[in-house]
Amino acid sequence: MGTFKIEGGQTLQGEITPQGAKNEALQILCAVLLTEETITIHNIPDILDVNKLIDLLERLGVKTEKLGKGAYSFKADEIDLEYLQSVQFKEDGKGLRGSIMIVGPLLARFGKGYIPKPGGDKIGRRRLDTHFEGLIKLGARFRYNREEYFYGVEAEKLKGTFMLLDEASVTGTANIVMASVLAEGTTTIYNAACEPYLQQLCKMLNRMGAKISGVGSNLLTIEGVEKLSGTTHTMLPDMIEIGSWIGLAAMTQSELTIKNAGWGSLGQIPNVFRKLGITLEKRGDDIYIPSHTDGYEIQSYIDGSILTVSDAPWPGFTPDLLSIVLVVATQARGSVLIHQKMFESRLFFVDKLIDMGAKIILCDPHRATVIGHDFKSRLKATTMTSPDIRAGVSLLIAALSAKGTSTIHNIEQIDRGYENIDERLRAIGARIERI
C-alpha cells in the first residue's frame, strides 16, 4: 500500500495542465471494439484505471500501439471471444468499473457480451439495471450467474426500439448507444445522459459512420448502420481534475493558472466555485485563480438562507466534485449544506476532516453542513487512508493546506484517477513525497 507524506502550509504558484478526461477515456476505449479498422486516440490519461482497461482490451485481442505520450492506436480485427468465458477474464474484468462498457460493443458486433460484476470505488450502490434493461429492449437475452457474479447478454441481431431510461446513467447510456449504432432500424433513447463525455463518444461514433442525432440533449435518435470505420479522436481535459485544482488553489491561498481547461465543457463547475466566493478568471481557454489572501466568502440565497450545493445529472453539478467543494468550504467565511444525492457512502470521509479540526456536521449519509474557519484556524496534520479516488484527492488538498506533516495511505486509489499527481504538484511548489 503506497503512501504520500505531505508537508502542508506551503503557498503554491505556477501553471498546471489537466490530463485527458478519465470518464471519457473509459467510454472511448470500449468503442474501439465496434470496428475492425484502426482507431487513433490522443490525450489518453496515464492512470491506473485507464491502463487496466487497455490491458483488458489487449487480452481480448485488440492490437494496441503506443504512438507517443497519451497517444495510442487500436485495431480490433482479431477478437478472442473465448477469452470472455475464461477464468482469467472473470478476474481481469471485476477490478474495474468501466469494464462494463465492453458489453454493448461486443453484443452489437459479435452477438454476445459478458462481464463479471465490476468493482470500482466503494461509494455506495451502483446498480447495472439501466445497462442491461436497455440491451434487453434491443432484443438481447440476459443471464446472470449468481454464484460467480457473472453477467451475459446474447442476440442474433439487435433491433432498434424506443426506450425511456429509468435513470440518466452515463455509462448505461454509453453502453446502449454503442449497442444501438449497429442495431437494425431506429433506436430512440429518452432520459439519456448528456454529459460532455457522452457527447464526445457520440461525435466519435458519427465520424465512424454512425447516425446519431440529438447529441447534447436527453433524447437521442440512432439509425442503425451495417458497419463502422476507423477514426481519430482527442479527449477533452478532465473536468474533475480542473475542479480539484481550483479547490487546491483556494485552500492553499495560491495563485495558479489551469492551462487549456476546455471552458465550453465545464458546465456548472465555475459557477459553483464562485458561489463559494472563489475568484476565477477566464483567460482564453485558461483559468486564472488569484491568491485568496483575504479568504473567500460563501454566498447566501437571495432570501438570506444558507447555500446548498448538490449534485445532479448533467447539466447539473457533477457528484465527483462534491467532496472537493466540501473541503474548500472548511476554510470559507460562512456555511454551506453539501447534499450528495447520488451515492450514500461518499461523505463518510468527513470524519478524517473533523479529526483535522474542520467544523462539519454529518447530518445523514447524504448531507453534511460545513461551518467555515475563514483561515482563522488552520486544519492540523494527521495520518489518514484514502477511501476512494475523489475523497483521496480531497484529503490530499486538505493536507496541503494543513499545518504540519500529514500522511495519506492507500494512494493507489488516487493513482486510479490522477496522472503523476505528486510530480505535478511538486512542479508548482508542493512538498509531497511518495514513500
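In this predicted model, four strands make up an open sheet with mixed pairing, arranged in the order β17-β18-β20-β19. Its edges are formed by β17 (307–310) and β19 (359–364), each of which pairs on one side only. From one strand to the next, the twist averages 20 degrees.

- Helix α10 (residues 322–329) lies across β17, β18, β19 and β20, and α10 runs at about 160 degrees to β18.
- As a general point, the strands of a sheet pair through backbone hydrogen bonds, in either a parallel or an antiparallel manner.

**Strands that pair with β22**

- Strand β22 (residues 405–409) runs antiparallel to β1 (residues 3–7), and five bridges join the two.
- Glu 7 stands opposite Thr 405, a residue of β22.
- Strand β21 (residues 383–385) runs parallel to β22, to which three bridges join it.
- Here Met 384 is found opposite Ile 408 in β22.

**Glu 24, a charged residue in a helix**

- Glu 24 belongs to helix α1, which spans residues 22–31.
- Is Glu 24 buried or exposed, and which side chain of opposite charge is nearest? Glu 24 is buried, and the nearest such side chain is that of Arg 207, 7.5 Å away.
- Glu 24 has no salt bridge, because a salt bridge requires a side-chain nitrogen of Lys or Arg within 4 Å of a carboxyl oxygen of Asp or Glu.
- Apart from neighbours within four places in sequence, Glu 24 is in contact with Tyr 197, Gln 200, His 233, Thr 234, Met 235 and Leu 236.

**Gly 139, a residue in a loop**

- Gly 139 is located in the loop that lies between α5 (129–137) and β7 (141–145).
- With a relative accessible area of 42%, Gly 139 is partly exposed, because this value falls between the limits of 20% for buried and 50% for exposed.
- Not counting residues up to four places away in sequence, Gly 139 touches Glu 154, Ala 155 and Leu 158.
- Val 103 is 36 residues from Gly 139 along the chain, and the C-alpha atoms of these two residues are separated by 14 Å.

Technical notes: Residues numbered from 1 in each chain as written. Predicted model: local features only at pLDDT ≥ 70, side-chain atom pairs only at ≥ 80, totals over all residues. Heavy atoms only, no water. Buried < 20%, exposed > 50% of the residue type's maximum accessible area, 1.4 Å probe, protein only. Lys, Arg positive; Asp, Glu negative; His and termini not counted. Contact = heavy atoms within 4.5 Å. Pairing = 2+ DSSP bridges. Axes fitted to C-alpha atoms, helices over the stretch in contact; angles between N-to-C directions.
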